[in-house]
Each structure stands twice: as structure tokens, then as C-alpha cells.
Amino acid sequence: MLRKKIAVVGAGPSGLVTAKVLQSRGHEVVVIEKECSVGGAFRWRSYEDSRMVSSKYLTAFSDLRIPASADTHLTLDDYVKYLEAYTKKFNIEPIFSTVVESIEKEGEGYVVTCKNANSEWSACYDAVAICSGLHTYPRLVPIEKEHVETMHSANYTSGKNIFQKKRVIIVGTGETAFDAGWAAANNGAKHVTMITRTGFVSIPAELSKALPPLDTILANFGTHAWESNWSRNYSFHWWITTKLNRLGMLLTTGSSIGFNQYCGRSDSMTWDEGRKHVVNKATKCMALLNRPVKTGYFERFFFGSWDAHAANVPIGIDLIRGNVKKIDKDGICLADGRHVAADLVFLATGYRQIFPFLKDQKNDQQNDAPLPNRHFIINDDEPNLAFIGFVRPNVGAIPPLAELQAMWWTLRLENALLPDVESAPCYKLVDRKLNYAVDHGYYSFALAREAGFFPNLMKWIRKRPAVAFAVAFGQAHNPIFRLDGPFSDPQAPTICATELCIPIRQRPLLMNLLFCINLSFFATVNAVAWLFYDCVLLLSSKKN
């Protein structure tokens, strides 16, 4: 294998894990970070009381697990400490306080020009991994010269002093918007209004401390993997589970559009297929949004307990649906002519995806820069330039997907992907403006299928059944992709047989019984489909 010299742009979780994977294969890696320490958005975009909405089981990288004594959902400060420990363990030494000015293709490689406080220089690399993160360039709305006080979430650190005695408008209904709404209502705001453009889907990161976290209440067998081509091509798993999930939410919370969600229905919320939603898991604020609309006796009597945690919050939150046209001196103007008065406008409008250091890429002022076509990692005609850590999972986390992307790309650089194996992009979420939104499990197994780190279930049933139990009945946690193949790790079987079995055993007996029935059903359907669909296709292709 030819050793390559590779630049990694960014020392957030995606950049760190990419550097570690490349170094483990013997490549020379240079990590370039514009800030003065590791952590990326988890350090520089954090705010008071902010926590991860993905669990420690899913968020942790495959070869540095988070201790059992840690909270299920880490604070951002604790996650940054985890990243610092990861950097130290694998001897990653970023160049800090250095800005990448340009990346230009030259021959088969790239010239990367960098600048710090003292100098500017250029260096040649065989390949470049862009891991600059999603939270760099705030997405703004038009603001008049004379305008009401306005703040973007990028500059938000605490709600204790900024909301008092103010009429607050929060633009957006993502997780940061929900956290800011909760902070405003609890810190003396006079009135709080949220504005949503297309609605949202609210599902909590965990239902209670006694139950496993949301992102572990999933199973791989017959759904994300070991699935027939027919089922995968026609999204059979999603077609069935959408109905079950919505029915379950309706019976337990009185609403099927989200968990205890009585307003803000997503425009794409239907009963046919749920492979559409990047869910909002920071749900404390949902009780305040429900307050103006969840007024019926039946709803309050049977499902009021879900809102009990907000009983002492002095005000509720109003929700308005509309497109923001501009911010003026009195508040916000909507595209349909309505005006909403405010003393403070809080923009939780997210971030633009742009790469100003790519000189051949036009930076559209309105739209995000596109990601490559091959699994959103590379373009096939330019495989040495990778974009890692930019996909948005539905019920999952970006850092573990970045690890799998780095593993896949490393093998692509080495021409070591499996020949004649290419996964169809069935992982893409449908009806989404964000075209790089993916299903966490499907995406993970798609990369594993092409790169040869797909877990061998039959092998582990024979060798160590507890491992097979975690693989089949658990979520697509990264250690299962270190069991077999080019990145196999001797510690992975023990992690699977111990740590990854914890959330499965934490599920109530009835829940696991329903999982068994569900997986048995999918296994039967997939077996029949394999016999009557996949085999027919295979035979017909051989005849042709």
C-alpha cells in the first residue's frame, strides 16, 4: 500500500476521527484547525445547559467508549473532554489557530494554502478531507438598517439575562430553538412566539430514565440490514413501521404527528412512509407550545402528565406558521403580509453549508453548496477530495457516521473497496429540502456493504451469541462494524457483548417481545421476497 500525505480540515469530531482512521492505516496526516483547540461546534457553539441529544452508546467512536458511569446524554463540556481524550489517546496533533485560505487541485493532488497570525504558506497533499463542520456560517434573514434587537444562535451562550421583560420571537423550530424557547419562558420573558416554516416532528431523546434512549430503541435485523432487495427498493420496512410508530404515539400521548405534539405538524407528515424526518429531540419546550392548544378535557386528563415538568413555567409559547420576509424596527414581517411585534428576535435558522476555500466552487448566497454524489463523500471523478461529517441523520448522530465515512474513504483511497459491490442510496430521506438527510442505520450498512466491514451475523451466532444478539437486536452502533473486515478490532466483540447489550436489556419485556414479533415478521417477508423476487432477478440477469 502506498503511503499518502493527507490534509484534514477541521479538528471537530469528524476531523479527529478521520485523522485517526487514516493514521491507523499508515498514512501521513496533517490536521488544520482555525480555532485554538479541538471540539469544533461542540466547544465554540455551546450554550448553558446544552446537552447531546444522541446517547453515549451511539455517539462514542468505536475504539474509545464512554464510561458506564457517565450520563446517558453528555453535556457539551463533557463531550469536548471526551474529544480531548480521544486526541491524546491516538496522538493526533492538529495545527491550531490556522485558517485554510484555499484548496486547489494540481495534478493528482492538491495545494493547500494556510494562514496564521504570523505567516502564510502552501503545501502539497495527495488527498484532502474537508471536515469543517455544519455550524460555521450562520444562515440569516434580510434585516433592515433600523431593526429590533436581533441575535443568531451562533452568539447565544446563556438565557439568564437576554430575555427578561421582552417580547421574544424565535425563528425556527429545531433543537436550539426549543432550548432557547424554554430558556426565554423560564427567564422572565414577557411573551414568546416561535415561527415555523414547514413544521417539525418532536420526539424526546429519552422517554424516562428507566427506559433506554430513543436512538437505541431500534433493531438492525430485517430492517437496516439482512433485508431483501425487494424490501429495500420499496421501503417496506418504513411503510410498516411508520404506521406502528404513529399509532403508538397516538395511543400514548394523544397525538400522532409527534410525541405529545399538538401543533406544528410537519408538511411532510403522512401515514404512508416516515422516511422523511430529522426529528427534534430537545423536547422540554413542547409542553409550552402545547399550552395554548392542548385545552380539551380528554387531552388534559389522559395525556396531561407529559406536560407536568412545565407546570411551574409562568408562560406558554405561541406558534406561528409562515415565511420570514425581513426584520424591521418593530419586529418581523412575514411573506403573507402579517407583522409580529417583538423586542428581541432570536434566529435559530441554522447555518449555511459553504466552502470558501474551494476556489472553483460558486458560493450561492441563498442555497447550500452541494455535497458529492457518492454517499455524499466523494465524486467518482475526484476521489481524493472527501467531505466527511456533513450528512444529517434522522434518529442518529453525525460523529459516528463520520467515522464510518472515514473508514470507507480510506479504503477508496487504497483502491480496497469490494469490487462489483455498490449500495443503492435507499438511505436518503424523501420529501426533504435537505437532500443530504439520511437514515442512520441504512447509511451505516450501505457503507459497510461496499467496504467489507459488514458484520458476519452467522459467524457470531456460532462464536459468541451475545455479540450476535447486540448486532441483530440493537442499533447500528459503530463497534459492530469493527467485528469483521479490514478494520476489525479485538476489543469490538467484548464491547458488543457487554456495553451494547445494556440498552437492549433495559427495554421493558413487552417492548422486546414486540421487537421479536416485528423482526420475525420482517424476516419472514424478506425470506419470501428473496425467493420470489431476488432469485428471479438473479436468474434473469444470468440468462441475459
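How much space lies in the second largest pocket? About 1500 Å³ does, in a predicted model where local features need pLDDT of at least 70, side-chain atom pairs count only at pLDDT 80 or more, and totals for chains, interfaces and linings use all residues. Residues are numbered from 1 along each chain as its sequence is written, and side-chain values use heavy atoms, with hydrogens and water left out.

A pocket here is an open set of points on a 1 Å grid over the protein atoms alone, with protein on both sides within 12 Å along at least five of seven lines, and lining residues have an atom within 4 Å of a point. Volume is the space filled by probe spheres set on the points, which are joined across faces, edges and corners. The second largest pocket has 48 lining residues, with Leu214, Ile217, Thr241, Leu244 and Asn245 nearest its centre. Helices H7 (236-253), H11 (440-451) and H16 (509-543) each give two or more residues to this lining; helices are DSSP runs (H or I, at least four residues), numbered from the N terminus. H7 gives the largest share, 11 residues.

Now for H11. Of its 12 residues, 11 are buried, so the helix is largely enclosed by the rest of the structure; buried means under 20% relative accessible area with a 1.4 Å probe, protein chains only. Among the buried ones are His440, Tyr442, Phe445 and Glu450. The cover over them includes H7 and helix H10 (398-413). At the start of H11, a side-chain oxygen of Asp439 comes within 3.2 Å of the backbone nitrogen of Gly441. Just after the helix, Gly452 takes a positive phi of about 85°.

Definitions and conventions:
On a 1 Å grid over the protein atoms alone, a cavity is a set of points where a 1.4 Å probe fits but cannot get out, and a pocket is an open set with protein on both sides within 12 Å along at least five of seven lines; lining residues have an atom within 4 Å of a point. Buried means under 20% relative accessible area, exposed over 50%, partly exposed in between (1.4 Å probe, protein chains only). Contact means heavy atoms within 4.5 Å. A polar contact is a pair of N or O atoms within 3.5 Å; within protein, one must be able to donate a hydrogen and the other to accept it, and residues adjacent in sequence count only if both atoms are side-chain atoms.
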